[in-house]
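Here is a short briefing on aromatic rings and their neighbours, written to be read with the model open beside you. Take a look at the structure first, then follow the points below.

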There are 2 protein chains.
Amino acid sequence: MYYLGIDIGGANTKAALIETHQGCLKGVGAVKRYFPLWKKRRELPQLLREVGRELIGSKETPPIGVTMTAELCDCYKTKGEGVSHVLESCRESFPGAIIKVLDVYGGLIGLEEAIEEPLRVAASNWVATGWMVSHLYRDCIVVDVGSTTTSIIPIINGRIVAEGRNDLEKLMNGELVYTGSLRTNIAALVDRVPVKGGWARVSSELFALSGDIHLLLDHIGEEDYTTETADGRGVSKGEARARLARVVCADAEMLGEEEILELARYIYRRQVDLIVEAIEEVWGRVRGDRSKDIPLVAAGLGAEFLASVAGERAGFRRIIDLSGVLGGDVSLMAPSVGVALMLASMMEGGRIGLGGGYKARGQHHQRV
Amino acid sequence: MYYLGIDIGGANTKAALIETHQGCLKGVGAVKRYFPLWKKRRELPQLLREVGRELIGSKETPPIGVTMTAELCDCYKTKGEGVSHVLESCRESFPGAIIKVLDVYGGLIGLEEAIEEPLRVAASNWVATGWMVSHLYRDCIVVDVGSTTTSIIPIINGRIVAEGRNDLEKLMNGELVYTGSLRTNIAALVDRVPVKGGWARVSSELFALSGDIHLLLDHIGEEDYTTETADGRGVSKGEARARLARVVCADAEMLGEEEILELARYIYRRQVDLIVEAIEEVWGRVRGDRSKDIPLVAAGLGAEFLASVAGERAGFRRIIDLSGVLGGDVSLMAPSVGVALMLASMMEGGRIGLGGGYKARGQHHQRV
């Protein structure tokens with residue numbers, strides 16, 4: 001059986017096609033597209049068709065699970081308008097298909113119901129990630145650092161115990177930090193940076209992004225820098241240095257390579273601090289009498305250089321990179337894989353095996 | 001005699017035509033255009049021609065004084081490239097005219113010289129403001145809050161005693177704060193905001209601007225909100241509220257009017273804090289045995305609700321709004337008027353009178 005999971009964000013859309021066989025996960029194919037909704041809103045149905053075709057090929061359209069964060073995009077006046085547009089686009093792109101929408105309580109509901117209760121399905125994608133990981137580790141803290149945001153998902157006794165059910169609640173309780181591995185404006189990360197032996201205030205423009213920092217520090221390669229840059233130029237280190245120099249109103253002629261690297265290192269530390277703080281906040285609420293020996297599961301593009309580093313800094317002793325367990329694609333696109341798995345479990349009347357066994361490239365399929 | 005002063009910024013271009021008579025300032029005409037250089041770079045010569053024609057009419061092209069901050073715009077790879085493009089655009093727009101460029105030491109130099117030494121003329125516009133005010137008050141602190149940035153210019157014994165000669169140095173010593181009355185990204189102003197009895201982290205996107213805050217708090221009217229909004233929508237209060245709600249990933253249906261106003265008030269206080277801090281820093285360096293009885297001169301669009309409020313908060317007892325002394329247009333466009341006055345003084349071989357007398361609408365012309 002095949003199932004398609006789609007995770008529609010404001011800047012990136014991700015989709016995963018999973019294949020199950022006798023209740024076990026057999027294979028995953030996934031695609032990710034940088035698709036800035038605030039510029040291309042009208043083309044969403046076309047994008048979804050393309051992404052679907054790329055994964056499904058000539059096969060029959062499988063059942064589709066949808067989750068989103070796109071409704072926050074400022075091309076929509078309200079979240080309600082956003083949810084409607086996203087779901088109508090899905091319906092238009094896959095006529096006649098079974099489409100289910102993930103809600104923030106872990107349910108998969110019909111399109112009409114979702115459009116009627118938009119806040120129930122808005123920003124639900126962390127639920128899919130949490131659900132998937134909860135089948136691997138009964139007690140853990142998931143830290144999923146994407147290109148734009150970081151979700152911290154506590155799992156205790158095999159259940160997601162997140163308290164926030166919408167972005168605002170999560171921003172208030174540490175379950176969501178609006179910082180990511182590529183798209184975060186440096187001006188939103190720091191007020192001052194060390195330069196030439198002193199401290200400089202920073203410009204409040206969009207002059208450079210976290211992607212520039214992580215490129216310069218070799219956390220990512222040029223091929224990982226999949227979003228638009230701040231100045232529309234390329235993703236070479238020279239171009240990234242020019243952008244970063246501009247954050248203190250300088251240019252790459254006024255600041256040397258080492259001076260710009262010093263800026264990058266400082267900003268990186270501050271970004272890790274933000275995630276550490278949120279991990280501590282969530283942990284303080286759910287720890288009970290548990291110790292920091294429970295796993296901290298790192299996922300997303302920033303799994304290694306942000307989630308894991310922050311987890312270690314927060315004192316967790318078992319850091320598990322989800323890509324090592326389920327493969328890189330699954331870690332990078334956990335919500336789209338997760339929602340496809342949830343749909344498979346619902347339709348096949350039981351959990352689909354992945355625990356301890358399945359790896360994107362692996363051969364073990366085991367029912368959990 | 002007529003003189004044209006042009007202040008070319010990254011987001012706004014301002015120009016002032018002044019008329020002098022027997023060594024006194026007789027009149028000022030001024031225009032301001034929102035012109036986002038990062039989108040319209042190629043149209044700069046055309047803009048300059050239009051602005052010139054609007055002010056000069058059928059008269060002969062007068063001598064022109066140019067100052068800029070546009071070279072920082074990320075449509076230019078380096079400041080050198082920016083300075084060249086801006087000055088070549090001036091030459092193209094006003095063929096045959098006398099054009100002088102303000103340098104950061106207060107000199108007016110030729111185009112060729114300026115293009116050869118771009119860092120000498122980059123970000124020089126505060127010099128024109130300081131020069132003009134130094135003829136009104138021998139000892140004062142000028143706080144000029146524009147749409148995008150705030151310049152703090154100390155004047156002692158009739159001379160500008162600023163220590164920074166470029167933006168980076170000024171960001172380091174408090175003479176430049178990259179915060180303004182319209183264009184500042186809220187994500188660059190605050191990390192957390194009070195909401196529903198708690199504190200929410202903020203989104204790092206460009207969802208709302210300082211202009212939204214000041215519109216909601218009645219500091220500015222819709223007609224003053226002359227820059228592009230964050231979502232490209234209008235400048236009504238309803239639209240501003242929707243933008244501000246999105247900063248905490250909510251929408252105007254999740255947060256009530258009063259809750260959004262509470263956000264605005266908090267962010268406003270934080271913006272004032274940034275300016276207070278910088279005033280204190282500059283003051284600490286230049287005060288000597290002076291007291292806070294010397295005037296704090298507030299200028300720019302944020303003169304009243306940012307510069308004056310910050311000056312009072314910093315303990316200055318004489319707050320002078322430049323618009324009350326020289327008229328609103330001069331206060332709003334101090335650098336373009338200032339550079340025209342500097343050019344007039346240079347060409348007429350003496351200072352042009354404005355002190356204590358001239359007001360944009362007034363009749364007193366007095367040589368200082």
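**Rings and their partners**

B:Trp283 counts as buried because its relative accessibility is 1%, under the 20% cut-off. Please keep in mind that this is a predicted model. Over all chains, the structure holds four aromatic pairs.

**The pair in chain B**
- B:Phe316 is buried, with a relative accessible area of 4%.
- B:Trp283 and B:Phe316 form an edge-to-face aromatic pair, with 5.2 Å from centre to centre and 75 degrees between the planes.
- This pair links distant parts of the chain: B:Trp283 belongs to helix α11 (residues 257-286) of chain B, while B:Phe316 sits in the loop between α12 (303-313) and β14 (319-321), 33 residues apart.

**The pair in chain A**
- A:Trp283 and A:Phe316 also make an aromatic pair, edge-to-face, at 5.2 Å centre to centre and with 75 degrees between the planes.
- A:Trp283 lies in helix α11 (residues 257-286) of chain A and A:Phe316 in the loop between α12 (303-313) and β14 (319-321), so the pair ties together parts that are 33 residues apart in sequence.
- Both A:Trp283 and A:Phe316 are buried.

**Lysines over tryptophan rings**
- In chain A, you will find A:Lys170 over the face of A:Trp126, at 3.4 Å from the ring centre.
- In chain B, B:Lys170 lies over the face of B:Trp126, at 3.4 Å from the ring centre.

Terms used
Residues are numbered from 1 along each chain as its sequence is written. Chains are lettered from A and ligands numbered from 1 in the order in which they are written. This is a predicted model: local features need pLDDT of at least 70, side-chain atom pairs count only at pLDDT 80 or more; totals for chains, interfaces and linings use all residues. Side-chain values use heavy atoms; hydrogens and water are left out. Rings of Phe, Tyr and Trp (its six-membered ring) pair if their centres lie within 6.5 Å; planes under 30 degrees apart count as stacked, over 60 as edge-to-face and the rest as tilted. Helices (H or I, at least four residues) and strands (E, at least two) are DSSP runs, numbered from the N terminus. Buried means under 20% relative accessible area, exposed over 50%, partly exposed in between (1.4 Å probe, protein chains only). A charge sits over a ring if NZ of Lys or CZ of Arg is within 6 Å of the ring centre and within 35 degrees of the ring normal.
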